[in-house]
Amino acid sequence: MRLTLCLSVLVLCVARLCFAQDSAAAPAANATHIMVVRARALIDGTSAQPEQNREIVIRGDRIADVYAAGTRPPPAGAEVFDLGSATILPGLIDCHTHIFLQGEVPAAGGYDVQLLKFPASYRAARAVVAARRALEQGFTTIRDVETEGAGYGDVGIKQAINEGYIPGPRMFVATRAISTTGGYNLEGYAPEIVVPKGAQLIDGPVEARKAAREQLDNGADWIKVYMTHRSWVDEQGALVSQPTLTVEELRAIVDETHGWRKKVACHAYNGIGLQRALDGGCDSIEHGLELTDAQIAQMVKQGTWLVPTLAVYYHDQEPPDTPGGVRDRKRVVVHGVSFQKAVRAGVKIAFGTDVGGFPWSEPIAQEFPRMIEFGMTPMQAIQAASARGAELLGKRGELGTVAPGAYADLIAVAGDPLADISVLKNVAFVMKNGSVFSSTLRPAGN
Ligand SMILES: [Zn+2]
C-alpha cells in the first residue's frame, strides 16, 4: 500500500497542471519549420486504397498539404525527406496499453511481484521505457487503460512526454481503473493480510460515482471499469466469467464520466458482466472474448466500440491439463469466432493489444496478423490502428490520418504492409508532432 500512496502523493502535485492540457497538445515542432516527406506509397488511414508517389508538406506540428510528388516545387526553405520506396502511414494508435505493467511472465514473478516488490520509482522508470518503446515502434498515440496499482503515475508520465522531457506517444490515460470487492488482483493471500489492489474497488453506486469523480479530478482522460474478473470453463465446457459491477454501479460511473465529456472503457469477457457493460452504456468493450449475436446487434445499435486485444491471450497459457490451461485455450478459441462475427456485423473496432500484459520487449504489431487471421483485410486492420482509433478517442481528422490539418504523426516502413503485414514490426521512420523521432531510412534532398 505504501508504494501506491507514495506515487499517488507525488503525482497528485502535478496532476492539476496537466488536467487542463489537451491530450493531443504535445509540444509543437518549431511553427515556422517546413518539411516535405516523400515516398513511393501512402496509406493515409482513411482511404480504401493506397496512393502512389505522394509528398506531404508539414508546417510546425501539422500536415499542411498532401499531393502527387513532383507536381509542385517544395515550399521555400523546406527540409526534404525522401523516403524512397518506403510506405508512409499515419502514426499508429494502440487503444489498449499498460505502460506500468511489465508482462505477466510466471517465471519473472507474474503480476503480483510488480505490486508487492517493485518500488514506485522503479515502476515509473520502466513506464518511461515502455512509453519510448511504443513510440519507436511507430505508435504515436496510446490509450493507456490503467496503471495496475501505480496510482496516478500515468498522468505524470503523460505530462513529462507533453513537456518534452522524455520521448513517448500522445497518451490518453485512465489512471486507477474501477472494480468491486472480489473483482481484482491481488488475491489468494491470507485474509488477515492487507494487500494492494490493481484497481480502485467500489461497492454501490455512491462509491462508484465518487471513484470516477476522484479519477477524473486527478487527470483521467478515460475511465476504465472491470465488468468481469475471474474466468473458468464450466462442466458443459462453456467459458464463464464472474461479473463485477451491477448495472446501477456502472450507470453512476458512465453518467458522471459523460458529464465531464469523457468516456468509459469496460473490460468484459462475456456473459452477465458483458451484458451489464452494454446495458450500462459503456463506450468501448475491451477484449469481448465471447459476444453473442444479440450482444453484437446491441453494440451496432448503440455504437459501442470493440477493442479486441487478440494476441495477448496466446501468451503465458497455463499447462493444458490444468483448469487454468483449459480456460486459456478456450479463451482464444471463442475470441477468434467472436471477433470474426463482430467484423462481419460492422461493429466499430479499434486496434488494442494489452501490451504490458505481455512484455514491452515484444512487438506491439503482433496484433495485426491475428486481426487478419480472424477476418479483417490488411487495410481494415491498419485503419483500426489509425483513423478508427482516432475516432474512438474523439480525434477524428486530427490523429490517425495523413491529411491537411492533422497532427504530423507519420511513420514509414520498407515494403508494402498490404502485401505483408509483418513489415509493421519494423518501423523505419517515426515522426510525431512534426519532429522526426527516428529514421533508419536515409533522407535525400537538401
Ligand atoms: Zn488490459
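In helix α3 (residues 120-136), E136 and R132 lie 4 residues apart, a separation of about one helical turn. The two side chains form a salt bridge, with the closest N and O atoms 3.8 Å apart. E136 is partly exposed at 28% relative accessibility. R132 is partly exposed too, with a relative accessible area of 36%. The model is predicted, and the distances given here are computed from it.

A second pair sits in helix α10, where R370 and E373 are 3 residues apart, again about one helical turn. Their side chains meet in a salt bridge of 3.0 Å, N to O. R370 counts as partly exposed, at 24% relative accessibility. E373 is also partly exposed, with a relative accessible area of 46%. Elsewhere, salt bridges that share partners join R209, R213, D255 and E256 into one network. An α-helix has 3.6 residues a turn, so residues three or four places apart point the same way. Side chains of opposite charge can pair when their charged atoms come close.

E51 and R54 form a further salt bridge, and their closest N and O atoms are 3.8 Å apart. The partners fall on either side of the 20% cut-off for burial. E51, at 28% relative accessibility, counts as partly exposed. R54, at 18%, counts as buried. Across the whole structure, the search finds 22 salt bridges.

The zinc ion is coordinated by H96 through NE2, H98 through NE2 and D354 through OD. Along the chain the donors follow the spacing H-x1-H-x255-D. H98 lies in the loop between β6 (92-97) and α2 (112-116). D354 lies in the loop between β17 (348-349) and α10 (367-373). The pair therefore ties together parts that are 256 residues apart in sequence. Both H98 and D354 are buried. Water is not among the atoms, so the site may look incomplete.

The search of the whole structure finds 1 disulfide. C266 and C282 form it, with their sulfur atoms 1.7 Å apart. The torsion about the S-S bond is about -50°, so the disulfide is left-handed. The pair links distant parts of the chain, 16 residues apart. C266 belongs to strand β14 (residues 263-268). C282 belongs to the loop between α7 (271-279) and β15 (284-287). Both C266 and C282 are buried. C95 is another case. Its sulfur is 15 Å from the closest cysteine sulfur, that of C266, which is too far for a bond. C95 is buried, with a relative accessible area of 0%.

The largest pocket holds about 990 Å³ of space. It is lined by 31 residues, of which E104, N185, Y269, R327 and R331 are the closest to its centre. The largest share, 4 residues, comes from β12. By class, the lining residues divide into 8 nonpolar, 12 polar and 11 charged.

Helix α4 (residues 153-162) has 8 of its 10 residues buried, so the helix is largely enclosed by the rest of the structure. The buried residues are G153, D154, V155, I157, K158, Q159, I161 and N162. Just after α4, G164 takes a positive phi of about 85°.

Key
Residues are numbered from 1 along each chain as its sequence is written. This is a predicted model: local features need pLDDT of at least 70, side-chain atom pairs count only at pLDDT 80 or more; totals for chains, interfaces and linings use all residues. Side-chain values use heavy atoms; hydrogens and water are left out. Donors are N, O and S atoms within 2.8 Å of the metal (3.2 Å for Na, K and Ca); water is not among the atoms, so sites may look incomplete. Helices (H or I, at least four residues) and strands (E, at least two) are DSSP runs, numbered from the N terminus. Buried means under 20% relative accessible area, exposed over 50%, partly exposed in between (1.4 Å probe, protein chains only). A salt bridge is a side-chain nitrogen of Lys or Arg within 4 Å of a carboxyl oxygen of Asp or Glu. On a 1 Å grid over the protein atoms alone, a cavity is a set of points where a 1.4 Å probe fits but cannot get out, and a pocket is an open set with protein on both sides within 12 Å along at least five of seven lines; lining residues have an atom within 4 Å of a point. Grid points are joined across faces, edges and corners, and a volume is the space filled by probe spheres set on the points. Ala, Val, Leu, Ile, Met, Phe, Trp, Tyr, Cys and Pro count as nonpolar, Asp, Glu, Lys and Arg as charged, and the others, Gly among them, as polar. A disulfide is a pair of cysteine sulfur atoms within 2.5 Å.
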